[in-house]
Amino acid sequence: MSKARLLYVEDDESLGFVTRDNLELNGFEVVHLADGQQAARRIAEEKLDFDLCLLDVMLPGTDGFTLARMIRERNRDVPILFLTAKSLKEDRLQGLRLGADDYITKPFSIEELILKIEVFLRRNRIRPATPSFDPDRIGAYHFDADQLQLTHLPTDDNRRLTPREAELLQLLSAQREKVMERGEILERIWGENDYFLGRSLDVFVSRLRKYLRQDPRIRIENIHGVGFTLTVDEDQER
């Protein structure tokens, strides 16, 4: 079995050496870059054949947020983890909005880092490289997220969604057939993981189920204690 290949961008020489050494001892192939501009050139000019990217946020030349944006423009699926000394909520949210999968606050243990890497590598191996579906089509519905429009095609029944309803439906649809954790949904849409916001999430999910009920193939399931998943049974006749 081939080694997982990691892009690791970290300007702290000592931390970079120790982390790279430990990752290699645990069976990973590591490309370590210590300069943001060097990493930006590599991302722009070369094929992104990495299985996971580890990005420090504060880098000389080009910061980790900019690198994440560049990576996402070329590859929607490669996992991105931020390694950051910053613990402000705004920084975490900015990373998630740019498409990062998670972050680890320094100082971190190598064991924690390796565990997170392995989790995301396992997830990504069962994820198709490109969506096998039209993101604007959900069963018998056409969904225009920009215009906040949900249209039932057989009847031409058109519903205008609220911005938050559209944002939630877009998120669940983009990750269809996968379980979205409640905390991740709340962070991405409401900006924080809060008990009372969780109750609001349940209300919005109930609304979306109602809006989509004209097509029985569509289900938004509650995975108890974990989160939600949107599925479309294409083999079931309408």
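Student: Hi! Which residues of H6 are buried?

Tutor: Glu 165, Ala 166, Leu 168, Leu 169, Leu 171, Leu 172 and Ser 173 are the buried residues of H6. Buried means under 20% relative accessible area, exposed means over 50%, and partly exposed is in between, using a 1.4 Å probe and protein chains only. Keep in mind that this is a predicted model, where local features need pLDDT of at least 70 and side-chain atom pairs count only at pLDDT 80 or more, while totals for chains, interfaces and linings use all residues. Residues are numbered from 1 along each chain as its sequence is written, and side-chain values use heavy atoms, with hydrogens and water left out.

Student: Got it. What does H6 span from its first C-alpha to its last?

Tutor: H6 covers residues 163-174, and its 12 residues reach 16 Å, close to the 16 Å expected at 1.5 Å a residue. The expected span is 1.5 Å times one less than the number of residues in the helix. Helices (H or I, at least four residues) and strands (E, at least two) are DSSP runs, numbered from the N terminus.

Student: How many helices and strands are there in the chain?

Tutor: There are 8 helices and 12 strands. Of the 238 residues in the protein chain, 44% are buried.

Student: Is H7 mostly covered or mostly uncovered?

Tutor: Mostly covered, with 6 of its 8 residues buried. They are Arg 182, Gly 183, Ile 185, Leu 186, Glu 187 and Ile 189.

Student: At what angle do H7 and H8 pack?

Tutor: H7 (residues 182-189) and H8 (residues 195-211) pack at about 95°, with their axes 10 Å apart. That makes H7 roughly perpendicular to H8. Under 35 degrees counts as roughly parallel, over 145 as roughly antiparallel, 65 to 115 as roughly perpendicular, and the rest as oblique. Axes are lines fitted to C-alpha atoms, for helices over the stretch in contact, and angles run from 0 to 180 degrees between N-to-C directions.

Student: Which residues meet there?

Tutor: On H7, Arg 182, Ile 185 and Leu 186 meet Leu 197, Gly 198, Arg 199, Leu 201 and Asp 202 of H8. The residues of that contact divide into 4 nonpolar, 1 polar and 3 charged. Ala, Val, Leu, Ile, Met, Phe, Trp, Tyr, Cys and Pro count as nonpolar, Asp, Glu, Lys and Arg as charged, and the others, Gly among them, as polar.

Student: New pair: how do the axes of H2 and H3 cross?

Tutor: The axes of H2 (residues 36-45) and H3 (residues 64-74) cross at roughly 5° and come within 10 Å. H2 and H3 are therefore roughly parallel to each other. Gly 36, Ala 39, Ala 40, Ile 43, Ala 44 and Glu 45 of H2 make the contact with Leu 67, Met 70, Ile 71 and Arg 74 of H3.

Student: Changing topic: is Leu 113 buried or exposed?

Tutor: Leu 113 is buried, with a relative accessible area of 0%. Leu 113 lies in helix H5 (residues 110-125). Not counting residues up to four places away in sequence, Leu 113 touches Thr 19, Leu 23, Leu 54, Leu 83, Ile 104 and Phe 108.

Student: Last one: which residues does a cis peptide bond join?

Tutor: Lys 106 and Pro 107, with omega about -5°. Pro 107 sits in the loop between strand E5 (102-105) and H5. For backbone angles, look at Asp 156 too: its phi is positive, about 60°, although it is not a glycine. Asp 156 is exposed, with a relative accessible area of 59%.

Technical notes: Contact = heavy atoms within 4.5 Å.
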